[in-house]
Amino acid sequence: MAKIDFWRFLEPLLLGCIANILINFIFKPNNPDFILQEFVTAIAFSILVTEINRFIDGKLENRIPWTRQLGKRFVYQLSFLTLTLLVILNGVGNLYIWLIGDDFYTAKELVIINLSVFLVALLLTLIKWAVHFYRNWRHAEHELDDSKETLNKIKVELDKSDAYVELQRRNENLRIPIADVIHAETQHGVVWVYYQAARAVYPGTLDSLTSHLPKHQFFLASRNAIVKKDRIASISPSTYGKIDIGLMSPLEEHQITVSRLKAAQFRKWYHSSSDLI
């Protein structure tokens, strides 16, 4: 569902009402007239002004965005706003007066009307710009926070590549660099980690081991096996949407089957060069 732009409806109402009240107080400070027809006419002209200004704003945003040429954009926006007001107030406004048969304004009255409407329109435009800049600033701040969080996750994953994994072989405790790990699998409830030309027991679960390994290098292919990307020798389709993986191992040939539920996730991981988070 499209978000409703309340300011689009509120701006012409404020411009028409405030400008009409201000002009009435200037012309008759002791006894201003507040006639409904004048408010309706002022709001109608304000809709024309704000819609043209919105159209110009969209065109300028494509050619002279605020983020690149702030000063130039401000001058152009102000110039077009002034030109729009001059054409509508003095051209369309006088045409409307001629059609309804009223007397034309004097030059002094036209100057007062133009300046009053311009000041009110400028004030509302500045408020709109301030809200626009604030929203962009908040959006940029959120994006910066998200980027920091992403970078922290990437740093954690990269740090894992330089870390060690604690293993056991017979009565000996080993600290094997994660870079040397080839793959891991569960056999009869025991998690075996293969590295170089040997293997040792990991004193924990396969899920626990997975949490210590960098995601961009290792993938939990099934409930019983973890594979390393640069140790995959072959990939071939299997039955029922499964995938058979052939692994390069100095000990013995290994083949691991990726389940149908993880097949799509595996392909995405394998073909990705930046899956760090």
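User: Which residues form one aromatic cluster?
Analyst: This is a predicted model, where local features need pLDDT of at least 70, side-chain atom pairs count only at pLDDT 80 or more, and totals for chains, interfaces and linings use all residues. Residues are numbered from 1 along each chain as its sequence is written, and side-chain values use heavy atoms, with hydrogens and water left out. Rings of Phe, Tyr and Trp (its six-membered ring) pair if their centres lie within 6.5 Å; planes under 30 degrees apart count as stacked, over 60 as edge-to-face and the rest as tilted. The residues in the one cluster are Trp66, Phe74, Trp129 and Phe133.

User: How many aromatic pairs are there, and is the pair of Tyr134 and Trp137 stacked or tilted?
Analyst: The count by the ring rule is 12 aromatic pairs. Tyr134 and Trp137 have ring centres 5.9 Å apart and planes at 40°. Both residues lie in helix α4, 3 residues apart, or about one turn; helices (H or I, at least four residues) and strands (E, at least two) are DSSP runs, numbered from the N terminus.

User: Is Trp137 buried or partly exposed?
Analyst: Buried means under 20% relative accessible area, exposed over 50%, and partly exposed in between (1.4 Å probe, protein chains only). Trp137 has a relative accessibility of 47%, so it counts as partly exposed.

User: Which residue is buried, Phe266 or Tyr270?
Analyst: Tyr270 has a relative accessible area of 27%, so it is partly exposed. Phe266 has 1% relative accessibility, and the buried residue is therefore Phe266.

User: Which ring has the charged end of Lys229 over it?
Analyst: A charge sits over a ring if NZ of Lys or CZ of Arg is within 6 Å of the ring centre and within 35 degrees of the ring normal. Arg175 gives one such case, with its charged end 4.3 Å from the centre of the ring of Tyr164. The charged end of Lys229 lies 5.0 Å from a ring centre, that of Trp269.

User: What volume does the largest cavity have?
Analyst: On a 1 Å grid over the protein atoms alone, a cavity is a set of points where a 1.4 Å probe fits but cannot get out, and a pocket is an open set with protein on both sides within 12 Å along at least five of seven lines; lining residues have an atom within 4 Å of a point. Grid points are joined across faces, edges and corners, and a volume is the space filled by probe spheres set on the points. The whole structure holds 1 cavity of 30 Å³ or more. The volume of the largest cavity is about 50 Å³.

User: Which elements give two or more residues to the lining of the largest cavity?
Analyst: The lining includes Glu11, Val49 and Leu124. Its residues divide into 5 nonpolar, 3 polar and 1 charged, where Ala, Val, Leu, Ile, Met, Phe, Trp, Tyr, Cys and Pro count as nonpolar, Asp, Glu, Lys and Arg as charged, and the others, Gly among them, as polar. The elements that give two or more are α1 (6-27), α2 (36-63) and α4 (107-161).

User: What is the volume of the largest pocket?
Analyst: The lining of the largest pocket divides into 17 nonpolar, 8 polar and 6 charged residues. Helices α1, α2, α3 and α4 each supply at least two of the lining residues. The volume of the largest pocket is about 930 Å³.

User: Which element gives the most to the lining of the second largest pocket?
Analyst: The second largest pocket has a volume of about 540 Å³. Its lining has 16 residues, and among those nearest its centre are Asp5 and Lys128. With 6 residues, the element that gives the most is α4.

User: Which residue of β7 is the bridge partner of Phe218?
Analyst: Two strands pair if DSSP finds at least two bridges between them. Strand β6 (residues 218-222) runs antiparallel to β7, with 4 bridges, and a hairpin of 2 residues joins β6 to β7. The partner of Phe218 in β7 is Lys228.
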